[in-house]
Every structure is written in structure tokens, then in C-alpha cells.
Amino acid sequence: MIKMVDSSHVERALAILVFGICAGDTMGSTNGLVSPPGKRPLFSFGVISDVQFADIPDGHSFLGVPRYYRHSIHVLQRAVQKWNSHQNLNFVINFGDIVDGKCPPGQSLDAVKKVNNEFQKINGPVYHLIGNHCLYNLPRDKLLPLLRIPGLNGLAYYDFSPTPEYRIIVLDGYDISAIGWPQDKNSPAGLLGLERRFVMFNGAVGREQLEWLDGTLQDTTKLKQKVIVCCHLPLDVVASSQEALLWNYDEVMNVIHQYNCVKACLSGHDHKGGYSVDSHGVHHRSFEAALECPPNTDAYGHINVYDDRLLLFGTDRIQSTEMCFNP
């Protein structure tokens, strides 16, 4: 008799053998997550995604998942307090959607300013990504300067090096976007399989940005830097539901897989969170949403970065994750 084996376990075993991934990787409490003995992180940074604040009563997603619009800013406030108490945090990355698309008409600018004021209380730099809900509320020419997002011609992709060993690449997942179509385009109903990603709340990386990504990865390879890619939209079908994927995630990953420097792709948007290691050993982690935290619960964390791993220490709904790779 042939016994069926969970394919995820097979993929996991192959990743350990081929890419040197830690057998102890975990998505659970921080109780099982410890820093490598005798090693200090090269740098550390805070993470949060999908705050989606709005001054409206609690509601639900189109899937029926509860959403806590007024409470989400309290999640951010507690995150800021925690990050500021961390003695060695270098910066924070917000993975997008700081206000919700249901923000009442005429209140969008005030809501964005209110949430951004909380981010400005952080003792260090904050790097913002734009998400679909950001663009429902404000046009790019107002949003990018307000959040101090660098970029050219209204596009929000950029990169920076927190240490000589690493480069962080931020992608603009709404370079090509369907936002502005009729509302019936904002549901995956009637779409099957991977076609479910072709909805209004997703987008794509354009040709010019793909060429920039390729050139940046060439540069990091020459400099022998490791790379962390950040995008509001997930780039891997195992780490995300199909309806949350970047439209052309496959094109982006084809560029990334040409190089060995990218170690992790981090994202938001898919509110339940997810984790995977793809066929090339790249880790994919989508973060759980602050919006969907019931009162007195949280969803934020910080990542310690080493030469051979990323350690995500999560709070409450953010599950801690160890992402190891060959140095």
C-alpha cells in the first residue's frame, strides 16, 4: 500500500537539503525562536501591515472576516511603543494600506495624516509601501510626499542599504493598476484558480520597473550583497491566497530567480498571513493584518537580520518565523 505524504513536507525537506534551510524554522510563538548563540544581528527593523484605519464602526471583509477599523490605530500605537523600547531597532517598514477604502468621503486626508502622525513618533526612519487602500483615498501626487516615499514620476519603488552586506528593494505593486474600474471588478467571484488575482485591488509591476529591478540585482550581485524584496502584494502562490497575488508575480519572480542574492520576499495585503520557501530557496512571508485584530490584540513584529537568516519575532497574530539560508 502506498502512503500519501503531504507535499509541503517534501518541499520542506528538499529545501533543507538543497539550500541549507534551518530544520527548526517555525511559525509559532517566540518561545521556539532564539537568536544564534554568540552572534549579534547586522541590523533589526520593525514590521507592520494593513492598519487600514477608518473612523467608522467595525465591519467585515467580502469573505465575512471581522474588521476593526477604529481599533487598528491602537495596534499601531502599541507597536510604536514596543519599537521605541527596542534598543537596537534601526528602522521600520510599513507594508501598506494605512487607511481603509471605506474612509468616509472628505476624511481621507485627515485619516492619512492621523495615522502618519503615529508613525512619525518612531525613533528612527520609517519606509512606507503603498497599497490599494492608500490609492482609494489619495492620488499619488499627494500620498507620496506626505509619506516621504522616494521615487520618480509618481512611482513608489526604491532601494536602500542598511548595512554594506544587505540591500532592501521596495517594489511598487500598483505601477500598473485597475483601481478606478467599476466596483464589480473588486471581487474574485466567477474567476477560477490563479485568474482570481485579476481583480481591482491588485496590480502589476511595469516594464520599466522590471528593468530597474534587474539592474539593481545585477548591482547587488557585483557587490556581493544579500537582498530582501518588499512589496505590498505577495509574490508566491503558496504564501498567499490566489486572489491576493501581484498580477505579474511570475514575471517578477523570473527576474529574481536569475540571481542568487535575494533571500526573502516580504509582503502584506493577504490579511491572514502566510509563509513558504520557493523552488529556488527564496523565503516568502506575508504579514497578518493589524486591521483584523480584535480589541486588546496586536499584529506587528521586528526582524533581526544575520548573514545566514532572518528572525521574525511576532506579536499576537503575527506568527514568529525563522528564515535561514546559505550565507
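Which residue forms a salt bridge with Lys272? Select Lys272 in this predicted model and you'll land on Asp270, with the closest N and O atoms 2.7 Å apart. Asp270 counts as buried, at 7% relative accessibility.

Let's visit a few more.

Next, pick Arg70 and Asp55. They form a salt bridge whose closest N and O atoms sit 2.6 Å apart. Arg70 is in the loop between β4 (66-67) and α2 (72-85), while Asp55 is in the loop between β2 (43-48) and β3 (59-60), so the pair ties together parts 15 residues apart in sequence. Both ends are partly exposed: Arg70 has a relative accessible area of 39%, and Asp55 has 43%.

Now jump to Arg78 and Asp298, another salt bridge, with 2.8 Å between the closest N and O atoms. Here Arg78 lies in helix α2 and Asp298 in the loop between β14 (283-286) and β15 (299-305), so this contact ties together parts that are 220 residues apart in sequence. Arg78 is partly exposed at 25%, whereas Asp298 is buried at 8% relative accessibility.

For a group selection, grab Lys39, Asp307, Asp308, Arg309 and Glu322: salt bridges link them in a network.

Select Cys265: the nearest cysteine sulfur belongs to Cys230, 8.7 Å away. Cys265 is buried, with a relative accessible area of 3%. Finish on Cys134, which also counts as buried, at 2% relative accessibility.

Note on methods: Residues are numbered from 1 along each chain as its sequence is written. This is a predicted model: local features need pLDDT of at least 70, side-chain atom pairs count only at pLDDT 80 or more; totals for chains, interfaces and linings use all residues. Side-chain values use heavy atoms; hydrogens and water are left out. Buried means under 20% relative accessible area, exposed over 50%, partly exposed in between (1.4 Å probe, protein chains only). A disulfide is a pair of cysteine sulfur atoms within 2.5 Å. A salt bridge is a side-chain nitrogen of Lys or Arg within 4 Å of a carboxyl oxygen of Asp or Glu. Helices (H or I, at least four residues) and strands (E, at least two) are DSSP runs, numbered from the N terminus.
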